[in-house]
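Thanks for coming. I have one structure to go through today, and I will keep it brief. Please have it open on your screens.

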Amino acid sequence: MADDHIAVLFDIDGTLIITGGAGAASWRLAFDELYDIPADIGKFTDTGMTDPDVGRKTFEAVMHRAPERKEFTRLLERRLYYL
């Protein structure tokens, strides 16, 4: 129908909702599972960063190198699984 409306909302944690740290916990679990490193994203990132930027910055800080595309895709998948 022409009158149907669809809305898509994007959120930076704390803007529309507060997740109680679910994002940080999901990153920690993903890094722990894949690399045996319980990475703390708060040490390496700033508020308002996108998820891929958070993952990339944290990866580079704890692994001391840039992630390869395939392993970064896997990290994002595991983070989403835990989220």
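Let me begin with a question: does Arg65 count as buried, partly exposed or exposed, and at what relative accessibility?

What you are looking at is a predicted model. The protein chain has 3 helices and 0 strands, and from the N terminus on its elements run α-α-α. The chain has 83 residues, of which 24% count as buried. If you take contacts between residues at least 6 apart in sequence, 50% of them join residues at least 24 apart.

Back to Arg65. Its place is in the loop between H2 and H3. The relative accessibility is 37%, so Arg65 counts as partly exposed. Leaving out residues up to four places away in sequence, Arg65 touches Phe59, Glu60 and Glu71.

Next, the core. Which residues make up the largest nonpolar core? There are 11 in all: Trp27, Ala30, Phe31, Tyr35, Ala39, Ile41, Val54, Phe59, Val62, Phe72 and Leu75. At least two residues of this core come from each of helix H1 (22-35), helix H2 (51-63) and helix H3 (69-82). H1 gives the most, with 4 residues. One of the core members is Ile41. Setting aside its neighbours within four places in sequence, Ile41 is in contact with Ala24, Trp27, Val54 and Thr58.

Now the helix packing, starting with H1 against H3. Their axes are 8 Å apart, and the two helices pack at an angle of about 130 degrees. That makes H1 oblique to H3. The crossing of H1 and H3 is right-handed. On the H1 side, the contact is made by Gly23, Ser26, Trp27, Leu29, Ala30, Phe31, Glu33, Leu34 and Tyr35, and on the H3 side by Glu71, Arg74, Leu75, Leu76, Arg78, Arg79 and Tyr82. By type, the residues of this contact divide into 9 nonpolar, 2 polar and 5 charged.

The other pair I want to show is H2 and H3. Here the axes come within 11 Å and cross at roughly 115 degrees. H2 passes H3 in a right-handed crossing. From H2, the residues Asp51, Pro52, Gly55, Arg56 and Phe59 meet Glu71, Phe72, Leu75, Leu76 and Arg79 of H3. The residues of this contact divide into 5 nonpolar, 1 polar and 4 charged.

Two more residues before I stop. Not counting residues up to four places away in sequence, Ser26 touches Arg79, Tyr82 and Leu83.

Leu83 brings us to the segment after H3. How far is the C-alpha atom of Leu83 from that of Ala30, 53 residues apart along the chain? The separation is 9.6 Å.

That is the tour.

Conventions
Residues numbered from 1 in each chain as written. Predicted model: local features only at pLDDT ≥ 70, side-chain atom pairs only at ≥ 80, totals over all residues. Heavy atoms only, no water. Core = buried A, V, L, I, M, F, W, Y, C linked by side-chain atoms within 4.5 Å. Buried < 20%, exposed > 50% of the residue type's maximum accessible area, 1.4 Å probe, protein only. Contact = heavy atoms within 4.5 Å. Axes fitted to C-alpha atoms, helices over the stretch in contact; angles between N-to-C directions. Parallel < 35°, antiparallel > 145°, perpendicular 65-115°, else oblique. Left-handed = near helix turned anticlockwise from the far one by under 90°. Nonpolar A, V, L, I, M, F, W, Y, C, P; charged D, E, K, R; others polar.
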